[in-house]
Amino acid sequence: MPADQHDLFTAAADERARAPLAVRMRPVSLDEVVGQDHLLGEGSPLRRLIQESAGGAGPAVPSSLILWGPPGTGKTTLAYLISQATDRRFMQLSAVNAGVKEVRAVIDGARRELGMSGQETVLFIDEVHRFSKTQQDALLPSVENRWVTLVGATTENPRFAIVSPLLSRSLLLTLLPLDEGDLRTLLERAVADDRGLRGAVEVDEEALTQLTRLSAGDARWGLTALEAAAGAARVRNQRLIGVADVARAVDRAAVRYDRDGDQHYDITSALIKSVRGSDVDAALHYLARMVEAGEDPRFITRRLIILASEDIGMADPTALPMAVATAQAVAQIGLPEAQIPLAQCVIHLSLAPKSNAVVTAIGAAVTDVRRGLVGPVPVHLRSAPGSAYAYAHDDPRGIVEQQYAPDDVLGRAYYQPGAHGAEAELSERLQRIREVLRGALGSD
């Protein structure tokens, strides 16, 4: 081997050795990929498509792929392996720091290479959802003319994050979080493989279980945690990685949550439904996940204020003041201390009696108004002087027999109290009030 080529080979090897464990352990073939069997298992459509394209015996890989899945599930790896399996150049950009100028430069280079050597290019754009609509539209000519095979990776739902023209020209592939068995396989491989820790350490069963659990389906996070735990063991001059080493390296689980993505909406929904269902423990769990992931506490309090009226209402009239007071407390003190009043509010609302009578009542009233049931205000309620309005305080009962509603909705009973909490008592009181009021309606 010539000296200069040997130097380049040595430099590349040194660079790989210095790379993080998660990078060193990136699969180099489809057969090394762990998980995603629905996409890459034997006989799966994508594997057949790649194999047939590589062998020249079938249709080419589509001109655009969208890989949708949570972090650490192999989106970048899959894009690279598609390029390798089909003998295409691999170019990678991130939508975080690349713009139209950088994309066009890569596409122009791909067109030149295609014209000169006939070699096609895979253009991988990580976090493609961060591109604006205009930036995504700029990709369309290269997709339509097959100047590149575009592979876009996103953690967001493509139906909301990717423009329709690009999505309609793409094959959408959904990647799933890795299960604990897949993660265990990856971690054990990383311990033994020459690209990884080369058998220099061992991991005891309890530590391995903890690593797989804390990884929460994210392979990159798991490999990073393993590397840190190995470092902690080396500091102690120990070969065996134990639970204590994992604890030193990792102080909390990987919280799978994206404030702008599906996890945001899923966990928010789970919090609200847990409070509505009176499961205080589940509600506190989801609250903790939101707080730990850095969710804006003002967003949480807004949702709790809505819930206090929508799902509790008059069954516990203190629910709404509690939620509003929590919003004020959060604004005053901020996180991390604000998690305490947030927890108090979630506990209060979870344990409160539930009723949706308020939201049902206003919904029924609005429906009638939208149907046009908006008759004139009774004459005695109008502001004109000299009307025959009866003053309620003049009656010892505090209620008078008098028509308040317009004729079009006379007799409507929008509010129907539930049988829980304070509404049980309100139900009896409301019945007596309606009986007095409707005494003015004769037989009604």
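**Helix α13 and its surroundings**

Helix α13, residues 219-235, is 17 residues long and spans 25 Å from its first C-alpha to its last, close to the 24 Å expected at 1.5 Å a residue. Keep in mind throughout that this is a predicted model.

Which residues of α13 are buried? They are A219, G222, L223, A225, L226, A229, A230, A232 and A233. As a reminder, an α-helix has 3.6 residues a turn, so residues three or four places apart point the same way.

What do the buried residues of α13 pack against? On the helical side there are α2 (21-24), α11 (180-192), α12 (205-215) and α14 (243-249). The strands are β6 (202-203) and β7 (240-241).

Now the two ends. After the helix comes N237, which has a positive phi, near 60 degrees.

**Aromatic pairs**

Next, the rings. How many aromatic pairs are there? The count is two. In one of them, the ring centres of Y80 and F90 are 5.3 Å apart and the planes stand at 90 degrees; planes over 60 degrees apart count as edge-to-face, so this pair does. Y80 belongs to helix α5 (residues 75-85) and F90 to strand β2 (residues 89-94), so the pair ties together parts 10 residues apart in sequence. Y80 is partly exposed, at 31% relative accessibility. F90 is partly exposed as well, with a relative accessible area of 22%.

F90 also pairs with F124, and that pair is stacked, at 6.2 Å centre to centre with 25 degrees between the planes. Here the link is between distant parts of the chain, F90 in strand β2 and F124 in strand β3 (residues 121-126), 34 residues apart. Is F124 buried or exposed? F124 is buried, with a relative accessible area of 0%. Through these ring pairs, Y80, F90 and F124 are linked into a cluster.

**Charged side chains**

Two other sites involve charged side chains. The charged end of R111 sits over the ring of W147, 3.8 Å from the ring centre. Then there is D296, in the loop between α16 (280-292) and α17 (297-312). The relative accessible area of D296 is 18%; the cut-off for buried is under 20%, so D296 counts as buried. The side chain of D296 makes a polar contact of 2.9 Å with that of R298.

**The whole chain, and confidence**

Stepping back, the protein has 21 helices and seven strands. Of its 444 residues, 41% count as buried. Among contacts with a separation of 6 or more, 72% are between residues 24 or more positions apart.

The average pLDDT is 86, and 89% of the residues score at least 70. Which elements have the lowest and the highest mean pLDDT? Helix α1 (residues 3-18) has the lowest, at 48, and helix α19 (residues 339-351) the highest, at 96. Over residues 4-14 the pLDDT is below 50, and that stretch has one contact beyond near neighbours in sequence. Residues 440-444 are also below 50, with five such contacts in the model.

Conventions. Residues numbered from 1 in each chain as written. Predicted model: local features only at pLDDT ≥ 70, side-chain atom pairs only at ≥ 80, totals over all residues. Heavy atoms only, no water. Phe/Tyr/Trp six-rings, centres within 6.5 Å; stacked < 30°, edge-to-face > 60°. Helix = DSSP H or I, 4+ residues; strand = E, 2+ residues; numbered from the N terminus. Buried < 20%, exposed > 50% of the residue type's maximum accessible area, 1.4 Å probe, protein only. Lys NZ or Arg CZ within 6 Å of the ring centre and 35° of its normal. pLDDT = per-residue confidence, 0-100. Contact = heavy atoms within 4.5 Å. Polar contact = N/O pair within 3.5 Å; in protein donor to acceptor, adjacent residues only side chain to side chain. Expected span 1.5 Å × (residues − 1).
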